[in-house]
Amino acid sequence: MPFAYFQGKIIPAELAKVSIMTNALQYGNAVFAGIRGYQTSGKKSSHIFRLADHYSRFLNSLKILNTKIPYNHAKLVEVTLELAKKNNAKTDFYIRPIAYAANFELSPDLSRLTFDFAIYMIPLGEYLPIHKGLKLMISSWTRINDNMIPSRAKITGGYINSSLAKADAVNLGFDDALMMTQDGHIAEGSAANFFMVRDGVLITSPRSADILEGITRRSIIQLAQDLSIPISERMIDRTESYIADEAFLSGTGAQLAWIASIDSRTIGTGKMGPVTGKLQKLFFSIVRGNERKYSSWLSKV
Ligand code: PMP
């Protein structure tokens with residue numbers, strides 16, 4: 001999209017460039033967000049899904065790094081809406097805010113670094129297929145844990161863990177990977193949270209399982225409660241995922257994508273299950289602006 005936010009101004013995206021000496025490029029000292037914008041159904045307008053919540057997590061990620069940017073929550077929301085207006089997207093889109101160590105400082109010492117803030121936007125349709133049923137594998141790469149690079153914070157450097165798991169899965173013919181915690185429980189996908197259904201109960205790995213606390217995950221939990229679907233946040237064994245009745249991934253990119261198999265074991269009937277179907281239908285109706293009850297989740301551009 002033509003415009004980006006860079007060094008305090010909206011400028012043409014092709015001019016928003018950093019030096020190869022930038023500390024964040026060397027060490028992954030940056031935090032980011034990934035936010036979706038959708039065209040409103042039946043209208044020539046768009047809106048952004050859970051913008052305020054994404055920036056709360058963004059600021060928490062900076063807090064975990066014990067660093068700050070000279071923007072408060074209200075200002076982050078304001079400049080994002082300003083940029084989205086200026087880009088005037090005619091398709092669904094994706095917003096990528098990033099706060100990065102902008103110094104030309106050789107040391108990775110966070111206490112000496114100053115973080116700058118930028119945003120770019122791109123058009124985005126499906127990131128993972130939503131209708132065909134995902135083929136996943138359990139990765140041999142362990143999920144980074146809270147005392148290594150906290151998964152709870154969306155830190156760029158931590159994504160090498162996702163990159164390794166994703167690329168190895170794709171090279172082996174899978175759509176994505178599930179990663180496990182150090183003690184062998186399912187944490188999450190490379191860029192999405194994991195849900196499964198057993199005996200009518202929707203189950204997802206807890207916040208203490210080295211996951212990114214997904215905004216979509218939180219939304220799905222709320223929808224399940226509103227639809228009177230029992231929900232449990234608890235540890236999931238690897239083999240329990242094989243015998244689930246249904247399973248899906250949730251995330252800003254993934255949206256709500258059902259899983260057809262894990263490690264070549266067919267999940268349930270090998271078709272999208274009824275609980276997943278119900279949640280997916282409601283989720284897409286909400287993000288298109290068709291559910292008044294959830295309109296507080298949408299910010300009009
Ligand atoms: N886990 C990881 C590792 C992710 O990168 C993402 C995508 N941001 C998610 C989960 C899903 O989080 P959200 O629903 O907030 O996009």
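I am working with a predicted model, in which local features need pLDDT of at least 70, side-chain atom pairs count only at pLDDT 80 or more, and totals for chains, interfaces and linings use all residues. Residues are numbered from 1 along each chain as its sequence is written, and side-chain values use heavy atoms, with hydrogens and water left out.

**Entry: the largest pocket**

I took a pocket to be an open set of points on a 1 Å grid over the protein atoms alone, with protein on both sides within 12 Å along at least five of seven lines; a cavity is a set where a 1.4 Å probe fits but cannot get out, and lining residues have an atom within 4 Å of a point. Grid points are joined across faces, edges and corners, and a volume is the space filled by probe spheres set on the points.

The largest pocket came out at about 530 Å³. I found 31 residues in its lining, with Tyr 94, Tyr 127, Lys 154, Tyr 159 and Ala 191 nearest the centre. Which element gives the largest share of the lining? It is α4, with four residues. Elements supplying at least two residues each include α2, β6 (93-101) and β14 (246-251).

I sorted residues by class (Ala, Val, Leu, Ile, Met, Phe, Trp, Tyr, Cys and Pro nonpolar; Asp, Glu, Lys and Arg charged; the others, Gly among them, polar). The pocket lining has 12 nonpolar, 13 polar and six charged residues.

**Entry: the cavities**

I noted two cavities of 30 Å³ or more. The largest cavity has about 50 Å³, and its lining includes Arg 143, Ile 144 and Tyr 159. That lining splits into six nonpolar, two polar and one charged. The second largest cavity holds about 40 Å³; among its lining residues are Arg 36, His 54 and Phe 283.

**Entry: α2 and α3**

I checked axes, which are lines fitted to C-alpha atoms, for helices over the stretch in contact, with angles from 0 to 180 degrees between N-to-C directions. Helix α2 (residues 51-64) and helix α3 (residues 73-87) have axes that come within 10 Å and cross at roughly 130°. That makes α2 oblique to α3 (under 35 degrees is roughly parallel, over 145 roughly antiparallel, 65 to 115 roughly perpendicular, the rest oblique). For contact (heavy atoms within 4.5 Å), I listed Tyr 55 and Phe 58 of α2 and Leu 76 and Val 77 of α3 among the residues involved.
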